[in-house]
Amino acid sequence: MDEERTAAWWGRRAWELLSAVRARAPLVHCVTNLVSMDIAANALLAAGASPAMVHSLLEVPEFTPRCDAVCVNVGTLSEGWLPSMRAAASAGRPWVLDPVAAAASEFRMEACLSLLALRPAVVRGNASEILALASRSLAASSSSSTTTFKGADSTHDSGDALQDAKALARSTGAVIAVSGAVDYVTDGERVVGVSNGVAMMQKITATGCAATALIAAFLAVVEEPSDAMAAAACALAVFGLAGEIGMESGAKGPASLRMHLIDALYCLDEQTVTSRVKISLHS
Ligand SMILES: Nc1ncnc2c1ncn2[C@@H]1O[C@H](COP(=O)(O)OP(=O)(O)OP(=O)(O)O)[C@@H](O)[C@H]1O
Ligand SMILES: Cc1ncsc1CCO
Ligand SMILES: [Mg+2]
């Protein structure tokens, strides 16, 4: 089956899923960090989804079951928010985990591990975050326990985390997406590479968080939970493509790219998506 998944197949699949998001406007519940709320909500809206940033534990048990998908992001984690994250993740909706700066503290790492145990459909992080999570989650079997970590920005290339991402996917059952120059998406057996995007996207805070929220929107419209890989790869490709077009539209730096990227996401058409999405099977 994988052999049939040519670049053209992925282009059509990305367009199908983006069109489904536009047609169905899935309600995406985000328990996300304070830095990312604006760009994540705007990216979701531009893609055709409906964002809702709700984090009070007084609301989550009532609200989340009515949503189409959930995005949990630990970027500005606090003691008070963790129970809300756990409640949102346990509400029975398809959900995505963003382990921002997983290695920043023991509290944060433990929180990420406890959320991982609640079986996200997808985990999306940068290479340093996935390496840190795998290093703790897989303990003895990981190759990365000696690496050092900084904050929310990656100090590794996405390829550095590929083997650990596969192992983490196998041990958790989640699809693992490692963002970077090439975004790698794996279910533990197959790996696809997404080559869309521009380096300047790293200079806009919370683009990774927005990409994770977009994965949740795509997850809401796939037919089968087993399509989580397609949802993650296509969301990352579409987001990266919007970054490319944003750059081509005259962005001069991070601030204008942010504006042009959101406009580009809103304006994407079939011809552009099917011809420019760059997803391929990684051998
Ligand atoms: N060198 C690069 N070239 C092209 N695209 C890139 C590059 N680095 C990152 N990207 C893209 O930028 C987006 C954000 O990825 P990144 O790895 O920077 O996330 P992150 O570190 O989690 O970000 P944040 O924590 O600020 O939300 C993704 O869509 C990714 O594909
Ligand atoms: C900078 C920053 N700090 C906590 S969350 C966040 C946004 C990018 O992940
Ligand atoms: Mg991040």
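Mentor: Two strands pair if DSSP finds at least two bridges between them. Strands (E, at least two residues) and helices (H or I, at least four) are DSSP runs, numbered from the N terminus. This is a predicted model, in which local features need pLDDT of at least 70, side-chain atom pairs count only at pLDDT 80 or more, and totals for chains, interfaces and linings use all residues. Residues are numbered from 1 along each chain as its sequence is written, while chains are lettered from A and ligands numbered from 1 in the order in which they are written.

Trainee: Which residue in S3 does Val28 stand opposite?

Mentor: Strand S1 (residues 27–31) and strand S3 (residues 69–73) run parallel and are joined by four bridges. Within this pairing, His29 stands opposite Val70. The residue opposite Val28 is Ala69.

Trainee: What is the bridge partner of Val28 in S2?

Mentor: S1 and S2 also run parallel, with four bridges between them. The chain passes from S1 to S2 through helix H2 (residues 37–47) in a right-handed β-α-β crossover; right-handed here means that, with the strands pointing away from the viewer, the path from the first strand over the helix to the second runs clockwise. In S2, Val28 is partnered by Pro51.

Trainee: Which strands stand at the edges of the sheet?

Mentor: The sheet is open and mixed in its pairing, with nine strands in the order S2-S1-S3-S4-S5-S6-S7-S8-S9. Each edge strand has a single partner strand, so one side of it is left without a neighbour in the sheet; these are S2 (50–53) and S9 (279–281).

Trainee: How many residues of S1 are buried?

Mentor: A residue is buried if 20 or more other C-beta atoms, placed from the backbone, lie within 10 Å of its own, exposed if 12 or fewer, and partly exposed in between. In a regular strand the side chains alternate between the two faces of the sheet. Leu27, His29 and Val31 point one way from S1, Val28 and Cys30 the other way, and all are buried. The count for S1 is five of its five residues.
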